[in-house]
Amino acid sequence: MTDADLLLDALARWHDGRASGVPPSPVDLLPDRADLHVELASQIERVRLVEGEMEESHQESVKREQDDTPNDAGSKVLKRVLEMLDPPGEPDEMNRAGDYGILSILGHGGMGVVLRARHRATREEVALKMIVPSGRTPSLRSVRRFRRESRIATSLVHPHICPVLGTGDFRGLPYLLMPLLSGQSLRDRQRAVGRCSIDDLAAIAVACTDGLAYLHERNVVHRDIKPSNLWLEPGGPSSIRIIDFGLAKQFERESHELDGSLTRQEDGPLGTPEYAAPEQLRSELVDGRADFFSLGVVLYQLATGLS
């Protein structure tokens, strides 16, 4: 094992030992490698500092991370959306939106609801993402942001990015169509498996950085990279896809060089606090490096089993 692998393994064993109530010392963890004790102690201290910062933002992030968990407020939103649709046309449909019969609810969040839908003529099943109105009709700002997501997402074609098949509008509610993905989110995998193997971690890192590099070459910053927005398909870690471009921003510039002057967050901090870069939390100018910061937090959690 390399020194980096030894330190990573020791840090994971320190975390496991701490969970049992007796955190081991660097000497206990690496008794034959005195040359690594100082570095291991430094990494342990950094873990403690990061955990302290994460705890401060925990209450805000819980709200975002529970977007797909049923609750009273979410149920009211879903009910409002479904009431705006047409009655079902077939026995297995909940409702209907134009040419699409709604079969089930896949998830919902602050900006949109994702529905399993079937085209009336072709019988093709898709994921239909529709804007969630805060009142009886969607606000101009939310419509503008949703249309921006649709415009950005439809222009992206990459094996590690979830494609958009089309867009539409139903009674003032814009929607976009995506393929039904099999598999699970990286967040669900974290909860089920915990710490990632080195091979899987490397495959996830390569796939995600490849997808982010593609975005940044096209002047797009995702701004919300987190486990629930990374989707693992049955092909394994190397088949991961970046999803949900609700907070993405595309900027106009002649050079692709990332210089820190790309996009300002006009509505206050956006993204999930536990994964957002410091400049993002301060509502400062952000560029593609903020996405890589967020990915770094995700990879750190996968490597250590921390969440």
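Q: How many bridges join strand E4 to strand E6?
A: Four, in this predicted model. E4 covers residues 125–131 and E6 covers residues 173–178. The two strands run antiparallel.

Q: Which residue of E6 does Ala127 stand opposite?
A: Met178.

Q: What packs on the sheet there?
A: Helix H6, residues 140–154. H6 touches E4, E5 and E6. The direction of H6 makes about 25 degrees with that of E6.

Q: Zoom out. What order do the strands of the open sheet have?
A: The order is E1-E2-E3-E4-E6-E5. That makes six strands, with antiparallel pairing.

Q: Which strands stand at the edges?
A: Strand E1 (95–97) and strand E5 (166–170). Each has a single partner strand, so one side of each is left without a neighbour in the sheet.

Q: And what does the twist average from one strand to the next?
A: The twist averages 40 degrees.

Q: New topic: Arg241. Where does it lie?
A: Arg241 lies in strand E10, which covers residues 241–242.

Q: Is Arg241 buried or exposed?
A: Buried. Its relative accessibility is 18%, and buried means under 20%, so Arg241 counts as buried.

Q: What does the side chain of Arg241 reach at 3.1 Å?
A: The backbone oxygen of Ile161.

Q: Which side chain does a polar contact of 2.7 Å join to that of Arg241?
A: The side chain of Glu233.

Q: Which residues does Arg241 touch, not counting those up to four places away in sequence?
A: Among them are His158, Pro159, His160, Cys162 and Pro163. Leu181, Asn229, Leu230 and Trp231 are also included. Ile161 and Glu233 belong to that list too.

Technical notes
Residues numbered from 1 in each chain as written. Predicted model: local features only at pLDDT ≥ 70, side-chain atom pairs only at ≥ 80, totals over all residues. Heavy atoms only, no water. Buried < 20%, exposed > 50% of the residue type's maximum accessible area, 1.4 Å probe, protein only. Polar contact = N/O pair within 3.5 Å; in protein donor to acceptor, adjacent residues only side chain to side chain. Contact = heavy atoms within 4.5 Å. Pairing = 2+ DSSP bridges. Axes fitted to C-alpha atoms, helices over the stretch in contact; angles between N-to-C directions.
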